[in-house]
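Biologist: Hi, I'm new to this one. Could you walk me through it?
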There are 4 protein chains.
Amino acid sequence: MAKLRVSIVGGSGYTGGELLRLLLAHPEVEVVQVTSERLASKFVHRVHPNLRRKTQLQFSPLSELREVDLLFLCLPHGGAMRRIADFMKLAPKVIDLSADFRLQDQIAYRKWYGVEHPAPDLLSSFVYGIPELHRQEMRSAQFVSSAGCNATATILALYPLVKAGLVLKGNVVVEVKAGSSEAGAEGNDGSHHPVRANCVRSFMPTGHRHTAEVYQELALSSELAVHMSATAIDMVRGILATSHVFLDRSVTEKQIWQCYREYYGEEPFIRLVKEAQGNYRYPEPKLLWGTNYCDIGFELDPDSGRLVVISAIDNLMKGAAGQAVQAMNIMSGYPETSALEFSGLHPI
Amino acid sequence: MAKLRVSIVGGSGYTGGELLRLLLAHPEVEVVQVTSERLASKFVHRVHPNLRRKTQLQFSPLSELREVDLLFLCLPHGGAMRRIADFMKLAPKVIDLSADFRLQDQIAYRKWYGVEHPAPDLLSSFVYGIPELHRQEMRSAQFVSSAGCNATATILALYPLVKAGLVLKGNVVVEVKAGSSEAGAEGNDGSHHPVRANCVRSFMPTGHRHTAEVYQELALSSELAVHMSATAIDMVRGILATSHVFLDRSVTEKQIWQCYREYYGEEPFIRLVKEAQGNYRYPEPKLLWGTNYCDIGFELDPDSGRLVVISAIDNLMKGAAGQAVQAMNIMSGYPETSALEFSGLHPI
Amino acid sequence: MAKLRVSIVGGSGYTGGELLRLLLAHPEVEVVQVTSERLASKFVHRVHPNLRRKTQLQFSPLSELREVDLLFLCLPHGGAMRRIADFMKLAPKVIDLSADFRLQDQIAYRKWYGVEHPAPDLLSSFVYGIPELHRQEMRSAQFVSSAGCNATATILALYPLVKAGLVLKGNVVVEVKAGSSEAGAEGNDGSHHPVRANCVRSFMPTGHRHTAEVYQELALSSELAVHMSATAIDMVRGILATSHVFLDRSVTEKQIWQCYREYYGEEPFIRLVKEAQGNYRYPEPKLLWGTNYCDIGFELDPDSGRLVVISAIDNLMKGAAGQAVQAMNIMSGYPETSALEFSGLHPI
Amino acid sequence: MAKLRVSIVGGSGYTGGELLRLLLAHPEVEVVQVTSERLASKFVHRVHPNLRRKTQLQFSPLSELREVDLLFLCLPHGGAMRRIADFMKLAPKVIDLSADFRLQDQIAYRKWYGVEHPAPDLLSSFVYGIPELHRQEMRSAQFVSSAGCNATATILALYPLVKAGLVLKGNVVVEVKAGSSEAGAEGNDGSHHPVRANCVRSFMPTGHRHTAEVYQELALSSELAVHMSATAIDMVRGILATSHVFLDRSVTEKQIWQCYREYYGEEPFIRLVKEAQGNYRYPEPKLLWGTNYCDIGFELDPDSGRLVVISAIDNLMKGAAGQAVQAMNIMSGYPETSALEFSGLHPI
């Protein structure tokens with residue numbers, strides 16, 4: 001069978017590099033082009049040194065982008081929506097990894113991003129990229145918008161609880177601990193090593209944009225609010241999201257187990273991690289570096305009814321490139337785990 | 001004037017070592033003895049290598065402990081309460097750095113520690129060790145019990161809000177990010193470097209014992225609940241506590257500023273850290289390594305009424321040894337900042 | 001074709017876990033048993049949490065070990081040599097990952113390990129496990145002894161230079177920077193996180209045992225000496241070996257390039273990494289986490305004739321489990337890269 | 001007695017900040033001005049957040065620099081030598097912390113820095129800033145040039161051996177492991193956290209400029225060569241220099257001890273660290289963060305005659321600001337340890 005011909009637009013950043021790593025090892029895929037204006041004609045391993053020997057691809061300028069079967073867009077936020085019509089002409093299927101098409105509602109977009117969306121009519125054409133919520137739509141989708149990394153960890157933690165009606169009202173507090181790769185390959189004042197090393201920096205205590213995705217996907221009632229905060233720690237990859245949910249005190253641990261099993265029991269990339277003891281009794285992001293897993297665990301305080309849900313992902317994988325490849329697999333009828341089998345490393 | 005003669009009981013651990021470091025540099029203090037059974041007759045710099053050249057003290061066995069003016073107890077939890085009568089005979093003043101005398105109520109002690117307190121009559125003799133709350137009592141106190149490190153960071157963050165009536169009801173969620181020195185100098189399975197490095201380990205999602213101290217000191221009404229969670233990160237020293245508090249939406253940022261200024265404006269070791277920009281616009285624990293500061297900042301989400309309070313300390317300093325020296329200074333009429341002037345390092 | 005049936009003896013440590021990770025993903029291999037006395041009947045993912053969902057294997061006690069096609073021994077040093085006769089009865093092929101059969105000469109063994117070897121007659125039956133030096137013998141070998149991790153990084157850096165006669169005499173100084181996983185899964189006083197974090201600990205300035213392997217494999221003349229030192233840094237996986245070699249000043253950079261290309265040009269797991277600029281212009285161990293590569297680069301100081309050779313590996317992969325799988329592939333006629341295709345991650 | 005009035009030219013970087021931290025706590029010193037063009041009129045704690053509450057100083061532009069008793073120059077390399085005549089008019093004493101006046105010989109300067117020195121006549125007016133070598137000259141010096149950080153660690157390790165004639169010929173190899181603060185407060189591509197974290201980057205395998213200082217200060221004979229290499233590791237502060245020296249095999253460990261004791265026995269900031277066991281048996285840079293110590297240890301391999309000397313400093317302290325304050329103390333007749341008493345932290 002002919003391989004799926006794909007290209008990556010904006011392939012010099014971390015998400016593009018991770019995507020390229022996965023696609024090069026995918027048995028059904030041929031990577032045709034990877035674009036970068038700044039690095040045009042340079043070998044891709046110049047900026048993705050882990051790909052030395054794995055490919056002799058060179059970056060192409062955007063102007064030379066050719067038609068393919070599927071296009072991945074890894075442009076900086078704002079880059080996809082301005083040129084989306086052109087990209088749609090080049091490929092029948094498009095997966096956008098930026099924030100540009102995540103929100104279905106242009107009013108929400110304006111509120112959280114502070115600008116008018118230039119292509120509001122297309123917002124509803126994109127399927128939101130979390131397969132565990134939208135697998136069925138993805139099977140026939142032309143356009144998919146990968147979810148935000150912190151949104152992914154949060155939504156996957158809360159979705160079964162909300163859907164099952166276990167949490168109905170009140171305030172949910174979500175604390176995200178995040179690594180430095182989240183901010184991308186371009187250095188800035190805050191990513192300077194003497195500043196960023198050893199840090200525990202509350203960089204987004206309120207107002208995190210991914211909150212908009214959480215509201216959209218969980219379809220929260222007006223009685224239920226989700227509050228996100230994010231703290232940067234001395235780690236490159238990985239997210240740990242700790243969600244504090246207040247349940248009716250009659251809800252038992254067993255019910256929570258059943259709820260997660262019902263929604264995720266068959267999911268290839270979600271593992272329920274909750275053991276009585278051990279250093280890895282709850283999800284631990286470092287175990288997930290390079291994998292597409294979202295590990296989810298929880299602890300219930302029966303006295304107060306507080307449920308603490310702990311979810312972990314690799315922000316570049318399940319939070320970006322891995323999620324996108326999983327979507328591609330579904331859209332293309334490939335085994336959903338193709339090119340996503342890596343188990344992760346231990347110790348690390 | 002004669003120096004204050006002090007000894008440290010249980011001086012081989014991290015808290016004892018930090019205390020010794022401070023006391024050796026204190027202009028009004030003479031360290032008479034430091035005890036350790038295991039290391040008796042060894043030089044203290046064998047386990048506190050930063051004290052090479054700073055002292056020629058050798059560890060003494062407990063059996064040789066002599067009378068002094070003030071005794072610091074740094075025994076493992078449970079060690080002080082069993083022998084407290086003996087210690088009280090040896091010194092008119094005692095500062096205990098363990099958890100043994102933090103709770104005034106033996107029922108609370110039983111609930112959170114799971115054992116009966118052997119000296120319940122003495123519980124009320126100890127002043128809880130946070131000077132910002134109990135300075136007046138400390139001035140004439142014989143016995144002080146230093147607060148738990150996570151409790152200290154949490155209580156100092158919430159105290160003004162609760163006292164001023166800005167927060168009246170609902171759920172407060174406190175997420176503590178903690179370094180490895182919190183668990184002490186004895187290694188265990190979870191402190192093995194390949195396990196503990198790079199970790200983001202939810203080690204106490206519910207049921208944290210320091211919650212009992214928070215309830216005691218904040219005197220919470222039945223309509224207000226505080227929920228603590230703790231996550232271990234790849235850091236040796238330091239705590240960042242993020243407290244999520246839900247306020248009436250009429251409360252303004254200015255009122256919160258005024259509230260903190262009113263309670264802490266004159267405090268030598270509390271700094272309000274909230275700037276419009278910069279990498280250090282909120283409290284950052286690494287800046288506090290070796291200092292006695294508690295830095296407090298906040299961010300209000302006016303839409304939802306959520307207030308995020310961010311507080312940072314060095315767990316071995318303001319969370320243990322520094323707090324104890326501050327108490328000693330108050331009890332002895334010394335300048336409160338004596339031996340606690342270190343500004344911290346940057347970059348680090 | 002029937003799969004190769006293999007078992008791992010001593011599979012609860014880091015090397016055993018890494019080996020299991022690789023073998024589970026190997027298309028030609030069936031893992032029959034993994035032994036551990038302490039953990040007998042427990043699921044292997046209890047200590048290898050990255051293997052959750054990847055296998056339902058449980059540890060077996062040594063007493064239940066069955067016959068297989070190939071046996072991997074991952075026992076603590078000293079464990080293989082005492083029972084080697086038994087192991088040889090259970091499998092026609094054995095790969096030992098300990099130090100027990102690395103040295104061909106019992107006198108060298110006594111000198112460096114301080115004990116008499118209990119099975120000296122078998123020493124010469126084992127092929128030293130670096131494929132780049134012994135591929136031909138491995139093809140028909142029954143017994144292979146995997147090389148020490150620091151020895152591997154050092155030998156691969158120096159082998160072409162010595163063989164080609166570019167370095168003939170004088171002192172070679174090799175400085176190894178090593179991560180904490182080298183010391184194994186059992187914690188000790190020096191692996192306690194508050195001690196091991198941030199450390200730059202000269203733990204073996206002289207007398208490193210792997211020196212014996214370097215002498216054996218490079219067959220150094222009496223005029224040439226290699227001196228190793230090892231420093232522990234705050235890293236879990238990885239080795240960077242910096243070798244300082246003094247050449248005749250007439251030797252050019254081009255000759256050195258040619259030398260390495262001649263010896264390693266066709267090697268699937270050796271990459272020459274030497275670029276004019278960039279953060280990854282020389283080998284960087286973190287890029288190799290989880291891979292079987294040995295990256296080698298160099299810099300020549302033409303004024304002094306000093307050549308600095310920089311080699312990097314993942315100690316658990318090319319320095320242990322990956323090297324062993326590579327040997328198994330060669331011994332079994334499989335593609336040499338089977339199960340070793342992982343490219344490594346970037347950023348990390 | 002009137003305080004010494006000092007100013008810092010170029011005080012927004014790491015060296016300037018560290019210097020300011022020390023000087024603010026110095027009992028005999030008044031800091032008059034700290035200059036920065038970019039930050040003129042901003043509070044110094046904006047970029048030195050550890051100085052919050054410690055000072056209300058604001059940066060001044062260079063044009064407003066006033067006369068003082070002593071001027072510290074912390075300009076980027078090249079900045080001092082171009083304006084040195086102006087600075088000399090403003091203060092009778094100048095301590096330059098850049099590389100501009102470290103080399104006495106303009107030919108050496110040209111060779112290692114690649115440019116002509118604009119003020120060669122002044123080179124010999126500066127005393128090289130390591131007090132252990134030049135204390136006597138410093139007592140009456142007007143101008144001091146602080147030594148390079150890596151040079152300081154290397155020179156202090158080797159000086160007694162060379163002076164005592166224990167090492168006479170051959171190649172000395174010095175491997176420096178260095179933290180990220182060495183490269184300064186300005187971020188660059190290589191200091192981006194995802195790149196610099198977890199790194200073991202051989203950034204200067206040959207050609208390190210500090211080599212010139214080593215040659216100058218050790219006055220090496222033509223038969224003795226020193227070869228430096230530097231590797232960046234995941235650490236902010238600190239240097240560990242490992243020096244490999246080849247001695248006559250008749251030299252004993254006892255002689256080496258005597259040699260170091262003779263030269264450094266009375267030195268307030270040099271500690272000989274060499275114990276039979278323990279995690280801190282050799283120098284460990286993290287123990288020195290914030291201190292002015294240079295810890296020196298060694299291990300002799302009697303078989304080969306190789307001596308491994310291990311020296312550690314905090315690059316911003318003994319390698320820069322601390323060294324400069326020590327020089328100021330000597331130049332001004334203050335106790336040499338004034339403002340440099342900090343013992344360092346443990347654990348950290």
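Predicted model: local features only at pLDDT ≥ 70, side-chain atom pairs only at ≥ 80, totals over all residues.

Biologist: OK, how many residues has the largest nonpolar core?
Modeller: It has 440 residues, and those with the most contacts inside it are A:F72, B:F72, C:F72 and D:F72.

Biologist: What does A:F72 touch?
Modeller: Leaving out residues up to four places away in sequence, A:F72 touches A:V6, A:I8, A:V9, A:L19, A:I95, A:L97 and A:A324. Contact here means C-beta atoms, placed from the backbone, within 7 Å.

Biologist: Switching topic: how is chain A divided?
Modeller: Into domain 1 (4-147 + 318-332) and domain 2 (150-315), with bounds from an automatic or database domain assignment. The centres of the two domains of chain A, taken over C-alpha atoms, are 25 Å apart. Their contact takes 19 residues from domain 1 of chain A and 25 residues from domain 2 of chain A.

Biologist: And which helix gives the largest share of the domain 1 side?
Modeller: That's α9(A), with six residues. Helices are DSSP runs (H or I, at least four residues) and strands are too (E, at least two), numbered from the N terminus.

Biologist: Now the chains. How many residues does the contact between chain B and chain A take?
Modeller: 41 residues from chain B and 41 residues from chain A. β9(B) gives the most to chain B's side, five residues. That side of chain B divides into 17 nonpolar, 14 polar and 10 charged residues.

Biologist: How do those two copies superpose?
Modeller: A rotation of 180° with 0.0 Å of shift along its axis puts chain B on chain A, RMSD 0.0 Å. The two copies are thus related as by a two-fold rotation axis. Also, 100% of the interface residues of chain B are interface residues in chain A too, so the copies meet through the same surface.

Biologist: What about chain D and chain B?
Modeller: That contact takes 26 residues from chain D and 26 residues from chain B. Helix α1 (residues 14-24) of chain D supplies the largest share of chain D's side, three residues.

Conventions:
Residues numbered from 1 in each chain as written. Chains lettered and ligands numbered in written order. Contact = placed C-beta atoms within 7 Å. Nonpolar A, V, L, I, M, F, W, Y, C, P; charged D, E, K, R; others polar. Core = buried A, V, L, I, M, F, W, Y, C linked by C-beta atoms within 7 Å. Buried ≥ 20, exposed ≤ 12 C-beta atoms within 10 Å, placed from the backbone. Least-squares fit on C-alpha atoms with pLDDT ≥ 70 in both.
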